[in-house]
Amino acid sequence: MLRYTVSRLISAVPTLALVLVLAFSLVHAAPGGPFDTERALPPETEARLNEAYGLDQPFWVQFGNYVGGLLRGDFGPSYRYPQSTVGELIADAFPVSATLGLLALVVGAGLGIAIGIVAALRQNSVLDHVLMSVSMTGISVPGFVIAPLAVLLFAVTLRWLPASGLQTPAHYVLPVFALALPMLAYVARLMRASLVETLKSQFIRTARSQGLSSRTLVFRYAMKPALIPVVSYLGPAIAAVLTGSVVIEQIFNIPGIGRLFIQGALNRDYTLVMGLVVLYSSLLIVMNLIVDLLYGVLDPRVRY
Amino acid sequence: MSLLRVDDLNVRFETDGAEVHAVRNLNLRLEPQEAVGIVGESGSGKSQAMAAIMGLLSENGRATGSVLLDGEEILNLDEKALRGVRGRRLSIVFQDPMTSLNPYLTIGQQLSRVLIEQRSMDEAMARNEVVRMLDAVKLPAARRRLSSYPHEYSGGMRQRVMIAAALLCRPDILIADEPTTALDVTVQASILQLLGELRESFRTALILISHDLGVVAGVCDRLVVMDQGRVIEEGPTETVFANPQTGCTQALIEAVPRLDRPAPKRRDVDRSGEPLLQADKLMVRYPLPRPGWRGPRRFTAVRGVDLDLYPGETLGVVGESGCGKSSLARALLDIGRDSGEVQYLGRPLSGLRGEALRRARRDLTFVFQDPLGSLDPRMTIEQTVEEPAIVHGLVGERGACRSRVIEMLERVGLDASMLNRYPHEFSGGQCQRIGIARALMTQPRVLICDEAVSALDVTVQAGILSLLDGLQRELSLAIVFIAHDLAVVREVSDRVVVMYLGRVVEEGPVHALYTAPRHPYTRALLQAAPIPDPVIERRRDRPATQFEIPAPWNLPPGCPYRQRCAHATDTCAASLPELHVLDGDAARRVACHHAETLALGAPDYGDLGPSGVGTGAPLTVSSPPE
Amino acid sequence: MASGAAPNAPRHSLTRHALGAMARDKLFAACCVVLGVIVLGVIVGPWLSPHSYYAINLEFAQQPPQFSGQHWFGTDDLGRDLFVRAMQGGRISLMVGLVATIVSLVFGVVWGATAGYLGGRIDHLMMRVVDIFYAIPFMFFVILLMVLFGRNIILIFVAIGAVNWLDMARIVRGQTLALRGREFVQAAEVIGASRPRIIFRHIVPNLLGIVVVYATLTVPQVILIESFLSFLGLGVQEPMTSWGALVQQGTQVMSTAPWVLLFPATLLAVSLVCLNFIGDGLRDALDPKDRHR
């Protein structure tokens with residue numbers, strides 16, 4: 001298991017390197033630089049700035065410097081916010097996104113699994129059809145449609161909840177709901193489908209023939225295999241939800257990672273954008289590794 | 001009062017608006033400690049009847065009638081009430097031990113759970129009881145195995161665990177639904193023996209469901225024959241076998257090829273000339289599905305096989321699952337061959353180019369095991385049958401050789417009306433005939449049949465066998481007939497090769513090999529094969545096999561069979577026996593150190609013996625409509 | 001063999017099974033009809049209306065919808081006719097959905113079928129590439145692309161197609177591998193059929209079903225990505241529009257003119273729901289586990 005983990009982490013290195021090269025060259029190939037503003041700077045100022053940030057160096061030197069910094073845990077300075085480093089910006093924004101994301105994860109995965117189980121046990125009942133149609137809608141309708149409509153209804157019209165910011169617990173309700181809904185819907189459908197499939201399998205029929213209770217059948221016998229597809233979906237989904245949603249943070253005016261990324265991209269804040277790409281990629285790799293290790297926990301036939 | 005009394009049981013399934021009446025007016029009595037066999041071909045409703053009794057019908061199934069267990073109605077009870085019946089009074093063992101155990105729980109967890117829920121035992125008590133039961137089904141080192149998972153067991157071991165699970169609560173009745181169909185013949189023999197013993201020691205009544213008359217013959221007191229949902233015959237086992245009352249039962253009994261009767265006389269084959277097909281040290285290796293997952297990355301399925309096939313001859317290849325016979329079949333066409341050489345008409349296949357290669361491909365054809373699966377679901381029968389002709393450029397376009405396609409279909413007993421229909425509209429036997437028609441399209445000289453009749457019911461199987469026999473006569477085909485069923489192979493072969501773990505262990509003319517086997521494995525196979533005759537079957541003496549086949553990638557040094565062999569000596573552990581020509585019989589080859597000295601004797605077929613007074617050659621049985 | 005050949009379709013009672021099937025079919029049919037109407041409206045709509053999608057008329061800014069009057073869906077804050085804009089936006093959204101799906105389809109099918117059929121080392125290598133691509137945060141890259149290299153529609157097609165081919169490649173490869181193991185493909189090999197013949201006569205026809213299903217499910221995903229980009233202002237640019245861009249404008253004025261949000265949001269949501277239900281229905285119909293034989 002340890003050997004597997006280590007070898008997986010080693011094999012993540014080329015992936016991460018590819019991501020870095022891709023992102024770095026994209027940013028550099030883009031026309032325009034971080035100091036192009038509406039008001040053109042005097043050429044000598046710009047040259048000085050470029051020199052100060054090492055932007056006058058050749059591509060590979062810049063890349064080498066950047067990677068070297070990364071290895072020391074240094075994400076570099078932000079071009080747009082000269083008073084703070086990228087590390088500081090991320091450290092400020094990440095807890096915000098992560099809190100929101102964790103709440104959404106608990107709501108989305110928890111409720112989704114519960115709804116999926118209920119629907120599977122009441123397969124083809126009216127309740128099942130209703131739950132599944134609602135979750136299909138939840139999957140189809142994008143967050144940026146749900147969120148404004150929810151704001152329109154609960155904040156503007158009914159005035160039950162605040163529309164933006166994160167000052168009180170009540171502020172969390174709408175963004176968490178908007179963030180959790182697609183996950184909830186997807187997990188519910190996935191859970192229902194895989195539980196229904198598992199309950200059809202021969203070993204469940206055998207267990208029934210032995211007179212075991214349906215609680216045992218569902219929770220002791222069928223739950224583990226049924227959870228496998230859900231787990232493999234949740235891995236990348238967790239990575240996404242922890243790093244915040246660009247749209248939700250935009251709509252609810254939340255100072256999280258997603259908004260930071262959009263601003264960074266729009267402002268051509270190279271180091272900020274790079275830092276966020278590195279953060280997300282590493283998170284994704286780690287989550288995928290955790291998913292694969294979980295397979296081993298869930299399925300005894302998997303050996304590392 | 002009967003222990004179990006089934007009256008007027010009907011089972012119906014609703015499928016897409018159509019109703020399937022699977023069981024019709026079934027009546028059945030079972031007395032305490034009695035063993036009843038239910039036999040019938042696929043679709044006869046025998047399994048569905050049992051599922052209905054256990055309340056395990058799939059959700060679109062409905063059962064009506066009455067099932068009294070000790071005078072109490074148990075049909076269509078609700079799940080809660082059924083829990084008091086299932087496992088405690090009525091247990092079932094299913095066909096496939098590979099899928100019947102929960103792969104996510106240890107053996108100990110899933111077996112003790114039954115006792116915890118059904119007998120309110122605590123964990124420790126339950127585990128002890130499970131160990132006792134695993135000992136009873138002769139699972140070696142039972143206590144240690146509690147913490148292992150089902151995938152760590154072989155099929156035979158799993159079926160023992162399943163039987164243990166079914167007996168945990170000491171039920172009054174054990175239903176075994178095709179319990180040995182998925183197992184090899186040697187394992188089947190030991191499981192059947194175990195069932196017989198357990199029935200005695202646990203005083204359990206037994207309902208044994210099987211399509212195989214040989215399986216029920218030895219175990220059951222009484223027999224119920226079912227056909228298309230109805231019971232067509234019922235009576236003491238001996239009576240039903242000796243004096244079947246209906247034509248259907250008679251056909252069923254007679255269609256089974258029997259090892260204790262003389263094989264049909266074969267024509268003499270001229271082996272003086274050059275062989276048609278010749279394999280030389282063939283090796284086939286496969287990559288294992290997940291690298292680094294127990295065992296090496298590749299395993300060797302065929303380990304250096306030499307064969308030759310003469311014009312007009314049928315060469316039988318037998319062996320248990322995993323012995324490499326199917327890999328060998330494909331390697332004979334130069335598919336998947338790793339090393340070694342196949343020569344066709346004296347020239348290596350791998351060296352053929354151009355016209356010679358096309359010629360060889362036309363001459364060597366193949367019939368597959370799965371009748372439906374070997375036909376492309378999206379092609380019509382005409383497209384399927386004409387494909388070889390198109391591939392070989394015999395005709396330019398589709399539909400250009402319709403008359404020839406029709407001729408081929410008629411030759412295999414089908415007709416032109418099916419040209420534009422699709423495979424799923426036909427039965428297994430018909431699909432297999434279509435597959436043979438396709439193989440015949442290019443006027444081949446060699447037909448390689450890989451388990452070509454294994455998936456078919458016995459009566460259908462008999463029809464296909466006689467078709468092959470007729471075709472061989474008319475077209476002077478040479479046939480390589482690969483199967484796991486020894487009796488079927490004997491029926492059609494001139495010469496037989498026995499394979500074990502990728503190697504040929506014995507080869508010889510069919511009569512000599514079946515009456516005087518020289519390799520202990522051959523004899524064990526013959527000994528294990530059941531014979532559809534209760535009188536004989538009960539008299540036969542079968543030594544229980546201790547070991548099952550070792551994993552092909554984990555072979556012991558020396559003779560690969562020695563762990564299962566009663567005659568093994570130090571020599572066998574020291575070196576691998578070569579396949580060599582038997583002293584005193586140039587037609588036979590054996591891979592055993594002691595082939596010349598061992599007195600294995602003829603296999604035991606009860607009193608009648610191999611040269612007993614058999615009647616009729618089963619091949620002459622007319623097959624009923626499929 | 002003999003046992004376990006249970007007649008299929010394990011559902012509840014007979015009537016309920018039939019009702020369920022009909023409800024399913026009705027839902028499927030309803031989705032097809034609704035989607036058909038939307039597609040027709042999107043194609044024909046802009047020609048029926050006297051207005052153009054770009055004509056600004058500040059005098060008529062933020063007119064509420066009047067179904068008998070000039071502006072069926074009302075007007076936006078610049079006085080542009082919302083009906084025509086919604087239809088025009090639909091054209092863009094649906095077209096992006098279709099074209100980018102085709103891009104990902106072609107790429108994914110070729111990649112997946114090649115890897116699956118050739119197998120061995122090549123398959124391993126090709127799938128490693130897919131794995132690596134999976135670990136790349138594509139949404140970030142698409143956003144980056146849009147920000148850095150202008151917001152043009154071709155780039156949207158390419159970017160979205162590049163994201164979505166991975167799933168298709170995986171599915172097609174898995175299916176091809178499964179087909180290769182089937183006896184009828186082995187039968188064709190044994191007959192001596194050439195590789196192209198096996199691929200095109202045997203494998204591709206048997207792949208078609210699943211490809212159609214996943215293509216149907218890809219279209220709504222793609223539309224979602226495009227509208228997401230447009231919502232962020234990174235997609236199509238003014239005066240051209242798409243449903244995502246319209247929703248974004250709607251959110252700006254939703255407290256004073258909610259219809260500016262409601263019409264495009266509803267159209268977008270309904271189209272996506274319909275497409276997903278249709279894809280799901282097709283998948284169920286194709287699933288061999290739920291059918292006889």
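**The A–B interface and a buried alanine**

Across the interface of chain A and chain B, 12 residue pairs are in polar contact, both residues being at pLDDT 80 or more. A polar contact is a pair of N or O atoms within 3.5 Å; within protein, one must be able to donate a hydrogen and the other to accept it, and residues adjacent in sequence count only if both atoms are side-chain atoms. This is a predicted model: local features need pLDDT of at least 70, side-chain atom pairs count only at pLDDT 80 or more, and totals for chains, interfaces and linings use all residues. Residues are numbered from 1 along each chain as its sequence is written, chains are lettered from A and ligands numbered from 1 in the order written, and side-chain values use heavy atoms, with hydrogens and water left out.

The rule also finds 1 salt bridge across this interface. A:Arg208 forms a salt bridge with B:Glu79, with the closest N and O atoms 2.9 Å apart (a side-chain nitrogen of Lys or Arg within 4 Å of a carboxyl oxygen of Asp or Glu).

Now the contacts. 22 residues of chain A are in contact with 31 residues of chain B (heavy atoms within 4.5 Å). A:Arg208, A:Gln210 and A:Arg301 supply 25% of the area that chain A buries against chain B, more than any other three residues. Buried area is the accessible area (1.4 Å probe) that two parts lose on being put together, summed over both.

Turn to chain B. B:Ala142 is buried, at a relative accessible area of 3% (buried means under 20%, with a 1.4 Å probe and protein chains only). B:Ala142 touches B:Val131, B:Leu134 and B:Asp135, not counting residues up to four places away in sequence.

Methods
Buried means under 20% relative accessible area, exposed over 50%, partly exposed in between (1.4 Å probe, protein chains only).
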